[in-house]
Amino acid sequence: LDLTKAFLTHRNLLFAFILSLVRDHHAAEDIFQEVGLAIIGEQDRGTRPDDFLAWARAICRHRIADHFRSRQRQERKAASFTDLAEVVERSFDEFAEETNDSAERISRLQSCLDALARRARQIIDARYHEHLAIPVIAERIGWRPNAVKVALAKARLALRRCVDRGAGQEVKP
Amino acid sequence: VTAIDRFDDLIDDYLLDPTADAGELLSRLRADPAHRRDFVRRMLFESELMMAVGTRPAASVVPTRPPTAAVRYFALAALLLLSVGLGWWLARWWEPTAAVPPLPLPVSPYRLHEGVVLVDGEAGPLREGAELEVVGRQPARLGLPDGSSADLQPGTLCRLGRGTDGQRQVVELLQGGGSFRVVNGERDFVVRTRTGMVTVLGTEFRVSYCGARTRAMMVAVTAGRVRVDHPGGSSLLTTGDQQVFSQGNLMRRVVRGLLVQVEDDGELVVATGRGCLHRTYPLAEDGAVWQADRQLMASTLEPGMLIELLFDGPKVRTVRVMRPSLTATILAVDQSRRRLVVVENDGHSPPEEYPLAESAVLRRGKTVIQLDELHLGMEVRLSLVQDWSCIERLEVLRAAGEDP
């Protein structure tokens with residue numbers, strides 16, 4: 001088993017797992033990189049796990065716990081993280097197999113993004129590229145935060161539908 | 001669909017506010033495998049979106065080789081060349097000009113106080129001429145430039161405009177409806193549908209329009225007077241009046257109020273508008289009086305009865321004696337706006353939304369309760385004010401699933 005290759009194959013799934021527990025794009029990226037380096041390091045040491053995803057998720061979970069500890073979050077947060085990690089890991093464990101080919105989906109998603117209305121695209125970029133919080137996006141474009149939230153949800157739904165039915169289709173957020 | 005939307009909202013809140021309590025999300029994930037699957041799919045999509053818009057988390061994980069010395073020198077030389085070229089271009093073409101102050105952003109005279117509204121299909125500031133759509137489950141409260149306000153129901157489609165010289169504000173209702181509280185002014189405030197035009201100077205009224213389905217327009221006046229122009233002519237409605245217009249026809253006219261007196265000639269004196277306004281309506285010779293499913297003699301009408309009058313032209317065709325209170329089941333409680341959506345337990349009435357009067361008393365047995373103690377499915381007895389515009393007393397008969 002080539003751990004680096006397996007890591008790259010499942011990078012989207014692992015990143016989603018980290019994001020679902022950390023809830024912060026920047027922190028999720030940092031942790032994802034640490035996990036990647038750790039996995040490459042394990043490859044050099046000759047580690048060969050039976051279940052790559054379960055093993056990689058365990059590494060993610062430890063790194064996320066470190067992240068919360070280093071941020072000196074309150075005890076309440078640490079406790080809720082334990083509860084959450086258990087449920088989130090169970091969710092990923094149960095349904096990870098159903099995931100489609102990420103590379104193909106991302107390529108389709110890029111075509112769908114190109115077909116998105118200009119304003120919706122701006123909001124998507126602000127959130128998913130610049131990782132801006134909703135109030136910041138709202139202030140930037142002069143909208144109410146709730147309106148941005150709704151527009152974001154509609155754009156995301158339109159993109160999901162577009163990806164599911166094939167790229168190049170018209171996208172109506 | 002609602003459950004899915006709520007779950008999606010929960011995930012949104014969870015992601016958008018890392019400090020938010022995830023208790024409800026956690027319980028749903030624990031309880032339902034379908035939610036766990038939706039959660040994983042949503043998180044994967046979040047990750048895919050980040051990658052698709054340019055952030056590729058894996059890219060920086062694979063270590064890149066440091067550039068060789070030759071590459072570094074080449075890059076430095078290219079940078080120098082670029083800087084010289086840019087300097088020459090700037091020296092040749094750049095001429096100092098006076099700084100142009102940024103144009104002030106136009107401020108919309110319309111305000112969205114509550115609810116979510118899409119403007120021409122997108123979220124954005126309200127503007128004249130744009131098609132507005134009230135989305136979500138909450139009504140939208142709009143503040144209009146003249147100080148008037150409009151509470152638009154979910155699903156309403158409309159356009160806002162200033163109108164012509166004689167009009168200060170025009171609301172073109174394409175679908176749905178709402179309540180309008182119009183401040184007094186010299187020029188007309190107009191609500192327009194394809195069925196007719198409601199014109200007022202200052203009043204409070206409701207308009208519902210069924211749009212493409214039937215093109216029926218219902219106008220109910222809470223206070224003041226409105227004129228409705230329609231292809232069949234013009235109608236003047238005053239406090240307590242409620243009338244349905246279809247294209248060119250008056251489908252139904254309804255007045256609700258308290259019977260003050262029955263004149264010798266059969267005319268009914270009715271108090272509408274919380275008893276402040278007494279009006280006289282002639283009862284048709286063949287007019288009928290009904291209480292629930294029972295027909296009564298006209299002589300049984302007594303002052304103090306709450307009645308509903310249905311017209312055939314200028315005369316009253318039917319008098320319905322209303323119960324002073326109604327038994328209903330709560331469908332929704334809007335605590336912030338102090339409104340209840342209830343359905344009467346008569347098996348055929350449609351759901352109605354009633355505001356609670358400021359002085360409304362809520363009781364369960366002998367105990368006075370608060371609005372937040374009311375829940376979906378509770379059976380309640382409501383006492384309404386005379387014009388049926390709000391609830392003045394509510395008694396909880398039983399909670400959902402509780403034995404009577």
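**Where chain A meets chain B**

Five salt bridges run between chain A and chain B. This is a predicted model. One of the bridges pairs Lys149(A) with Asp13(B). Their closest N and O atoms are 2.7 Å apart. Between chain A and chain B there are also 10 residue pairs in polar contact, both residues at pLDDT 80 or more.

Which elements of chain A give two or more residues to the side that touches chain B? They are α1 (3–9), α2 (11–22), α3 (25–45), α5 (75–95), α6 (102–114), α7 (118–128) and α9 (145–165). The largest share comes from α5(A), with 12 residues. Sorted by class, this side of chain A has 30 nonpolar residues, 13 polar and 19 charged.

Next comes the extent of the contact. Chain A brings 62 residues to it, and chain B brings 50. The size of an interface is often given as the accessible area lost when the parts come together. Here the two chains bury about 5,200 Å² between them. Carbon and sulfur atoms account for 64% of that area. Three residues stand out on chain A: Arg23(A), Tyr128(A) and Arg160(A). Together they supply 14% of the area that chain A buries against chain B, more than any other three residues.

Now turn to chain B on its own. It has 404 residues, and 42% of them count as buried. Its elements are four helices and 27 strands. Take the contacts in chain B between residues at least 6 apart in sequence: 42% of these join residues at least 24 apart. The accessible surface of chain B comes to about 21,900 Å². Of that surface, 54% belongs to carbon and sulfur atoms.

How values were computed:
Residues are numbered from 1 along each chain as its sequence is written. Chains are lettered from A and ligands numbered from 1 in the order in which they are written. This is a predicted model: local features need pLDDT of at least 70, side-chain atom pairs count only at pLDDT 80 or more; totals for chains, interfaces and linings use all residues. Side-chain values use heavy atoms; hydrogens and water are left out. Contact means heavy atoms within 4.5 Å. Buried area is the accessible area (1.4 Å probe) that two parts lose on being put together, summed over both. A salt bridge is a side-chain nitrogen of Lys or Arg within 4 Å of a carboxyl oxygen of Asp or Glu. A polar contact is a pair of N or O atoms within 3.5 Å; within protein, one must be able to donate a hydrogen and the other to accept it, and residues adjacent in sequence count only if both atoms are side-chain atoms. Ala, Val, Leu, Ile, Met, Phe, Trp, Tyr, Cys and Pro count as nonpolar, Asp, Glu, Lys and Arg as charged, and the others, Gly among them, as polar. Buried means under 20% relative accessible area, exposed over 50%, partly exposed in between (1.4 Å probe, protein chains only). Accessible areas come from the Shrake-Rupley method with a 1.4 Å probe; for residues, only the protein chains shown count as cover.
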